[in-house]
Amino acid sequence: MTLQVALRHTIGAFDLDVDFTCPAGVTAIFGRSGAGKTSIINAIAGLTPPDRGRIALGGRVLTDTHSHIPSHKRRIGYVFQDARLFPHLSVRRNLTFGAKPGQRAPTFDDIVGLLGLEAVLDRRPRTLSGGEAQRVALGRALLSAPDLLLLDEPLAALDDPRKQDILPYLEGLRAGPFHIPILYVSHSLDEVARLADHLILLENGRIMRQGPIMDVLGDPSALPYLGVRQAGAMIEATVTAHGTKHGTDGLSTLRTSAGQLELPGIAAPIGTRLRLRVMAQDVILSDRRPRGLSSRNVLPAVIQDIHMGGGPGAAVALVSGSDRLLARVTARAVREMNLHQGQAVFAIFKATTVAPLRIGR
Amino acid sequence: MTMSDAAWQALGLSIWVSIWATLMALPLAIAVAWLLARKDFFGKTLLSALVHLPLVLPPVVTGYLLLLSFGRRAPLGIFLENTFGLVLAFRWTGAVLAAIIMGFPLMVRAIRLAIEAVDPKLEQAAATLGLPAWAVAWRVTLPLAFPGILAGTVMGFAKAMGEFGATITFVANIPGETQTLPSAVHAFLQIPGGEGAAAALILWAVVISFGAIVLSEWLAQSVAKRIAGT
């Protein structure tokens with residue numbers, strides 16, 4: 001099932017004009033507050049009809065110039081930033097609120113198990129922690145058997161440990177038995193990098209870049225929309241060993257398409273495929289294989305593109321094996337090293353800059 | 001301080017009339033309060049003004065207007081009598097109508113405030129879970145507004161118990177038929193030495209009013225506690 005969206009909507013001086021398609025899997029809309037993210041998903045959910053546009057899910061037209069299907073007939077699950085559980089009902093009755101008798105899977109037990117809610121079923125929403133409340137909201141949306149799931153910054157109101165609580169459940173959705181498109185709105189690239197298959201970059205009501213997440217994150221021209229400090233490409237890796245032959249030293253060895261990496265604190269079993277997010281500002285470039293360097297992570301790469309910004313920095317797009325990397329260096333370094341397209345270089349980064357949050361399945 | 005038969009009758013009639021008036025007014029009051037709180041439509045201000053009119057009109061005027069509309073020779077009165085065999089003027093049923101009209105604005109006001117206090121975001125969430133508007137109102141809005149609905153009900157009941165001006169104008173003061181508690185108190189006080197009989201009824205009025213308020217407070221608190229989940 002595919003979601004097609006084309007919208008034009010004006011609120012005061014703000015003008016939203018977007019056109020995109022969400023295939024199966026997780027599509028993330030990334031943008032700062034006020035970029036128009038929530039306006040888009042409220043229009044998809046039917047909560048605020050757009051001025052003009054067409055929204056279709058599978059073969060069903062939800063919104064166009066002639067028709068506007070009301071929210072309750074759209075079969076779209078919506079997980080709000082603020083959970084919005086019904087305070088007068090127990091967790092159990094919140095979960096089954098939108099479920100119809102005799103509906104197709106998922107079943108109540110599936111969802112309760114998947115989200116780890118067994119212990120809180122008889123409690124009231126007010127007594128739940130923020131993370132628990134969001135898990136209930138997610139379960140409630142899934143149990144209404146939607147054709148599409150909308151997630152509006154479901155982690156934004158949670159502190160870091162709570163985020164870590166709920167992220168694995170969201171990852172479970174990706175791999176889980178729900179073959180429905182998921183549209184995930186966020187202003188956190190960490191979450192997006194961990195969860196999304198497709199990425200849409202939104203700024204001031206316009207789509208700046210969209211495509212498979214690996215391509216968008218590896219695109220040097222997308223760097224201004226991601227923020228210099230948040231930008232970074234993702235590479236795929238497989239865990240090949242934990243520790244050395246002689247025992248454990250906390251480091252794991254991973255194989256990428258271009259070479260070997262050694263990273264600390266990876267809990268995944270051998271053979272697990274991971275996505276590693278390597279921050280652009282943490283990558284150092286060398287025009288020859290470095291010697292006498294403490295970093296254990298050096299990947300051979302070829303410069304594909306150099307994107308000079310207006311400031312002192314430059315974004316360098318690299319191809320390393322079949323993966324893409326992004327490095328942020330100074331414009332002066334580009335000049336003095338005479339970096340150019342097609343040049344063979346070595347990308348170096350410290351093992352500790354790949355933090356656990358940036359590792360997805 | 002013993003009560004005469006007339007006094008007992010008046011007390012019984014008042015309670016009977018008030019229960020009928022409250023039960024009949026409540027569904028309509030909830031519907032009107034929901035419309036005023038949640039919907040925008042042409043004529044909303046007019047509806048609101050109409051509902052609240054009895055609050056500001058002199059009760060005697062309201063009673064007289066009722067007599068003009070529902071009297072036995074008035075069009076509406078003739079229609080009701082011919083169609084349903086229902087006579088309102090100078091009957092206890094008319095006292096019920098007067099109590100409904102006079103209590104209605106108080107009920108609508110309390111219920112409307114309670115509905116407005118329910119977070120519309122919860123109603124949006126319910127809609128995305130597949131509930132049509134009536135089901136959202138039934139399963140989310142009204143349960144959350146319940147303490148306010150209860151308060152409105154008690155207000156309506158209390159107003160019905162105390163209604164005097166419109167009632168006496170519309171249905172007069174016929175012992176055993178339309179003589180409610182306030183009418184009886186009024187009648188007793190017209191007779192020299194009737195203060196004793198009036199005092200007993202007055203005491204009853206205080207006890208019933210007080211009991212109703214205590215009961216509704218207790219119910220509202222227990223509901224609020226249930227919602228808070230403590």
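Quick ground rules. This is a predicted model, where local features need pLDDT of at least 70, side-chain atom pairs count only at pLDDT 80 or more, and totals for chains, interfaces and linings use all residues. Residues are numbered from 1 along each chain as written, chains are lettered from A and ligands numbered from 1 in written order, and side-chain values use heavy atoms, without hydrogens or water.

Now chain A. An automatic or database assignment sets the domain bounds. Domain 1 is 3-217, and domain 2 is 232-236 + 272-360. Their centres, taken over C-alpha atoms, are 34 Å apart. Domain 1 brings 14 residues to the contact and domain 2 brings twelve; contact means heavy atoms within 4.5 Å.

What area is buried between these two domains of chain A? About 1100 Å², with 53% from carbon and sulfur atoms. Buried area is the accessible area (1.4 Å probe) that two parts lose on being put together, summed over both. On the domain 1 side, A:Asp190, A:Met214 and A:Leu217 supply 53% of the area, more than any other three residues.

Finally, charges. Two salt bridges cross this interface. The rule: a side-chain nitrogen of Lys or Arg within 4 Å of a carboxyl oxygen of Asp or Glu. A:Arg324 and A:Asp215 form a salt bridge at 3.8 Å, N to O.
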